[in-house]
Amino acid sequence: MSAKQKKNAVTGQSRGFGKYIQHNWQLWVMLFPAMLYILIFCYVPMYGIQLAFREYSFTAGITGGKFVGLKYFKQYFESPMFFTTLKNTFVISATSILVGFPAPIILAMIINQIRSPKWKKTVQTTVYIPYFISVVVLVSMLNIMFANDSGVIANFLKSLHIVSRNTNILGKESCFVPLYVLSGVWQTMGWNSIIFIAALSSVDTQLYDACKIDGANRWQTMIHIDFPAILPTIMILLIMNMGNILNVGFDKVFLMQNSLNLGASQVISTYVYTVGIKSSQFSFGAAVGLFNTVINFVFLLVTNYVSKRSTGTGLM
């Protein structure tokens, strides 16, 4: 291709892009606030990543400290809290995904099988309500219902001899993960089912009629019609969840945490707060947070690769 042809090709591409912007400028105007938000709150703070590799000084600021390389990463790896925080974070996150991820899928398929529109809307509204309860209120409810002496659920479990009379459920390490996960499932299951219900609404109704003619029951309809229809959506959301496998919510864990269950509730996010903020070890806290982010990114890539190879669905 000659230089003139190359110039014409470039000019044509530029003209095509200009026409595209001219015809779709309204969409870009609507997208601009979201892009600006991501730029300011997601990309600009990445400038502070270098704090993990520097010895922070109050007088020198983020960029003025002495460069120490991987010193704080080694300090975290060699600390006695490394395996504890990593294990607790992974256990809570993995349990939340194993228990909490299938729950909205099953709920969406069950709601989709309800034939009465009025009853269907009633069920949907009922299961959506817990999502609008704040984390602070939710943890307060847990503290009231599982209180050692006056808690309704605690006394009920004790009356059934599921737990012993002198057991403090809120302070028992083995009870922390079930309480955290099950309360989270109860709160978010209905809201998370919305996207699956929307995906099921696009299924051709003729497929359900064909299932009835073939004599399939509702269970078989869910397995052979509903589940394959939402499988791509399931894989996309699973990949996104795996990218946050070590990002356990700080607020809920911190509110449920006490001196008795600290062995099971000390996760990476609360450890960063305790050491990095309360103890003013900002460089060490930044290193721990960066390590957490890198591990999440690796999980995201691995899950995306496995999904692409197995189902052909992925984010990248």
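**View 1. Confidence along the predicted chain.** The mean pLDDT (the predictor's confidence in each residue, from 0 to 100) is 84 for this predicted model, and 94% of the residues score at least 70. Residues 7-14 fall below 50, and this stretch has zero contacts (heavy atoms within 4.5 Å) beyond near neighbours in sequence. Where pLDDT is low, the predicted coordinates should not be read in detail. Helices are DSSP runs of H or I with at least four residues, numbered from the N terminus.

**View 2. A nonpolar surface patch that includes Phe41.** Patch members have over 30% relative accessible area and no salt bridge, with like charges joined within 9 Å and nonpolar side chains (Val, Leu, Ile, Met, Phe, Trp, Tyr) within 5 Å. A salt bridge is a side-chain nitrogen of Lys or Arg within 4 Å of a carboxyl oxygen of Asp or Glu. Areas come from the Shrake-Rupley method with a 1.4 Å probe, and for residues only the protein chains shown count as cover. Phe41 sits in helix H2 (residues 25-43) and is exposed at 54% relative accessible area (buried is under 20%, exposed over 50%, partly exposed in between).

**View 3. Asn261 and its surroundings.** Asn261 is in the loop between helix H13 (250-256) and helix H14 (262-265). Asn261 is buried, at 1% relative accessibility. Beyond four places in sequence, its contacts are Leu170, Gly171, Lys172, Glu173, Phe176 and Met256.

**Notes.** Residues are numbered from 1 along each chain as its sequence is written. Local features need pLDDT of at least 70 and side-chain atom pairs 80 or more, while totals for chains, interfaces and linings use all residues, and side-chain values use heavy atoms, without hydrogens and water.

Definitions and conventions: Helices (H or I, at least four residues) and strands (E, at least two) are DSSP runs, numbered from the N terminus. Buried means under 20% relative accessible area, exposed over 50%, partly exposed in between (1.4 Å probe, protein chains only).
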